[in-house]
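Subject: Handing over a structure

Dear colleague,

Please have the sequence and the model open side by side while you read.

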Amino acid sequence: MILQRRIFPILKNGAWPRHYISQSSSLTRLRRIATKSEAQEGATLLRKTPLYDFHVQHGAKMVPFAGYHMPLVYGDVGQVASHQHVRQSAGLFDVGHMVQSNFRGATATQFLEWLTPSSLSTLAPYSSTLSTFLNERGGIIDDTVITKHSSDAFYVVTNAGRRAEDLAWFEARLTEWNASERAKDGPVEHEVLDGWGLLALQGPAAADHLQALTSYDLRALTFGRSAFVPLEGLNVHVARGGYTGEDGFEISVPPAHATFLASALFRSPVQLAGLGARDSLRLEAGMCLYGNDLDESTTPVEAGLSWIIGKDRRAAGGFIGSEKVLDQLKNGPPRRRVGLIVEDAPARQGAKILAPETSSEIGVVTSGIPLAPTVGKNIAMAYVKTGFHKKGTALAVEVRKKARAAVVTPMPFIPTRYWRG
């Protein structure tokens with residue numbers, strides 16, 4: 001059963017609804033991705049996050065992305081300058097296009113452990129984990145961040161570009177689960193927080209900036225943890241983490257309060273940041289973009305995400321796609337995701353990767369940007385045949401019909417600065 005809720009007001013006493021407080025690179029490339037995404041969606045009207053008018057008011061260049069009007073850059077602040085400001089200070093991103101959901105019910109833990117390879121039963125309350133939803137072949141339907149509030153309540157964030165596929169898949173699996181003996185202790189419900197805002201405050205100055213707005217001691221909120229935090233008169237769900245490699249927070253807020261909270265956060269030294277900076281930041285941090293670096297033909301093992309597969313899940317299996325995934329864990333995958341430093345010319349998505357000695361094709365670039373702002377070199381993410389994936393391996397990338405020297409480089413390309421206490 002899927003519930004969609006558009007307006008979910010905060011109560012007069014500032015408390016959230018009961019299920020929430022159970023205490024339980026380039027700009028060109030991004031435009032191309034956006035255009036491709038919209039072409040696939042046909043004549044579907046673009047959606048707007050609750051902050052659309054806020055973006056326009058602050059001079060955003062709005063572009064179609066994953067079915068939404070989204071800010072690319074703001075005013076005369078370029079993508080590189082925005083990127084650097086996040087690395088050096090703090091930036092505020094609208095990620096309200098992401099799909100926020102709640103899964104609730106007595107068998108919610110078991111249900112989500114069927115859909116993912118993660119060990120959710122041993123995850124501490126108010127802790128999060130990166131995970132993947134898998135098809136029967138072990139391919140990644142979507143990557144996700146799952147936050148456990150309690151054994152019967154989970155907050156899940158999935159990708160906007162996979163909204164239709166994910167929601168249809170959830171509904172089918174819920175119907176199957178709830179009709180089976182596995183749900184004998186109680187059914188699972190899925191609620192979509194439709195229209196809710198999601199703000200990402202990222203950068204080394206983010207914690208001090210946010211601390212000035214709340215009485216909650218953010219030092220206790222380490223990377224991968226979340227809490228309901230009093231913030232400017234609201235009580236909002238705050239998770240420590242993000243998509244940049246920097247310390248930061250993702251703040252979920254009801255539609256009616258999104259603009260108010262964004263305005264409260266948008267004070268010096270914070271700058272607004274858009275898709276342009278977000279893409280280069282995440283690539284430097286070695287983070288995947290679904291549709292580029294992940295898809296339904298790619299397994300978590302191939303994607304270098306074996307760490308999300310819990311030890312108990314490796315032993316017992318029982319999750320969708322487990323046969324293929326466990327076989328690859330034991331015998332190795334045919335290809336692996338790697339980072340590349342590319343000489344001379346930047347490699348873009350789709351560029352062929354060649355073995356230097358034979359010029360035979362052994363892989364493909366999935367993401368790439370020129371002169372990554374922090375790294376100062378052309379960087380790329382790619383898949384290569386197993387055996388060519390080791391650190392320091394010399395390869396060649398075909399760029400404008402010429403073979404360019406490249407070397408396999410560990411990711412992330414920059415040191416991450418997550419707050420771990």
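The notes below go through salt bridges, a helix, a sheet and the aromatic rings.

Please keep in mind throughout that this is a predicted model.

Salt bridges

Side chains of opposite charge can pair when their charged atoms come close. In this model the count comes to 16 salt bridges, and I describe some of them here. In one of them, the side chains of Glu189 and Arg104 meet with a distance of 3.9 Å from N to O. This pair links distant parts of the chain, since Glu189 belongs to strand β10 (residues 189-192) and Arg104 to strand β6 (residues 99-104), 85 residues apart. Glu189 is partly exposed, its relative accessible area being 30%, whereas Arg104 counts as buried at 18% relative accessibility, because the cut-off for buried is under 20%.

Another salt bridge is formed by Glu296 and Arg162, whose closest N and O atoms are 2.8 Å apart. Glu296 lies in the loop between α8 (275-284) and α9 (311-316), and Arg162 in the loop between β9 (153-158) and α5 (163-178), so this pair ties together parts that are 134 residues apart in sequence. Here Glu296 is partly exposed, with a relative accessible area of 31%, while Arg162 counts as buried at 12% relative accessibility.

Glu232 and Arg267 also form a salt bridge, with the closest N and O atoms 3.6 Å apart. The two residues come from distant parts of the chain, Glu232 from the loop between β12 (226-231) and β13 (234-240) and Arg267 from the loop between α7 (258-265) and β15 (271-273), which puts them 35 residues apart. Glu232 is partly exposed, with a relative accessible area of 31%, and Arg267 is partly exposed as well, with a relative accessible area of 40%. Elsewhere, salt bridges that share partners join Arg87, Glu246, Glu284 and Arg417 into one network.

Helix α8

How many of the 10 residues of α8 are buried? The count is 10 of the 10, so the helix is largely enclosed by the rest of the structure. After α8 comes Gly286, which has a positive phi, near 75°.

The six-stranded sheet

Six strands, in the order β12-β13-β14-β11-β5-β15, form an open sheet with mixed pairing. The edges are taken by β12 and β15, each of which has a single partner strand, so one side of each is left without a neighbour in the sheet. From one strand to the next, the twist averages 30°. The strands β12 and β13 run antiparallel and are joined by six bridges, and in β13 the residue Asn235 is the bridge partner of Pro230. Helix α7 lies across β5 (91-94), β11 (197-202), β12, β13 and β14 (248-253), and it runs at about 10° to β11.

Aromatic rings

A pair of aromatic rings is described by the distance of the centres and the angle of the planes. The model has 11 aromatic pairs by count. One of them is formed by Phe103 and Phe111, whose ring centres are 6.0 Å apart and whose planes stand at 40°, so the pair is tilted. Phe103 and Phe111 are both buried.

How are the rings of Phe133 and Phe170 arranged, and which angle do their planes make? Their centres are 5.1 Å apart and their planes stand at 75°, so this pair is edge-to-face. Phe133 is in strand β7 (residues 127-134) and Phe170 in helix α5, so that the pair links distant parts of the chain, 37 residues apart. Phe133 is buried, with a relative accessible area of 0%, and Phe170 is buried too, with 1%.

Lys48 lies over the face of Tyr52, at 4.2 Å from the ring centre, and the charged end of Arg335 sits over the ring of Tyr383, 4.6 Å from its centre.

With best regards

Key: Residues are numbered from 1 along each chain as its sequence is written. This is a predicted model: local features need pLDDT of at least 70, side-chain atom pairs count only at pLDDT 80 or more; totals for chains, interfaces and linings use all residues. Side-chain values use heavy atoms; hydrogens and water are left out. A salt bridge is a side-chain nitrogen of Lys or Arg within 4 Å of a carboxyl oxygen of Asp or Glu. Helices (H or I, at least four residues) and strands (E, at least two) are DSSP runs, numbered from the N terminus. Buried means under 20% relative accessible area, exposed over 50%, partly exposed in between (1.4 Å probe, protein chains only). Two strands pair if DSSP finds at least two bridges between them. Axes are lines fitted to C-alpha atoms, for helices over the stretch in contact, and angles run from 0 to 180 degrees between N-to-C directions. Contact means heavy atoms within 4.5 Å. Rings of Phe, Tyr and Trp (its six-membered ring) pair if their centres lie within 6.5 Å; planes under 30 degrees apart count as stacked, over 60 as edge-to-face and the rest as tilted. A charge sits over a ring if NZ of Lys or CZ of Arg is within 6 Å of the ring centre and within 35 degrees of the ring normal.
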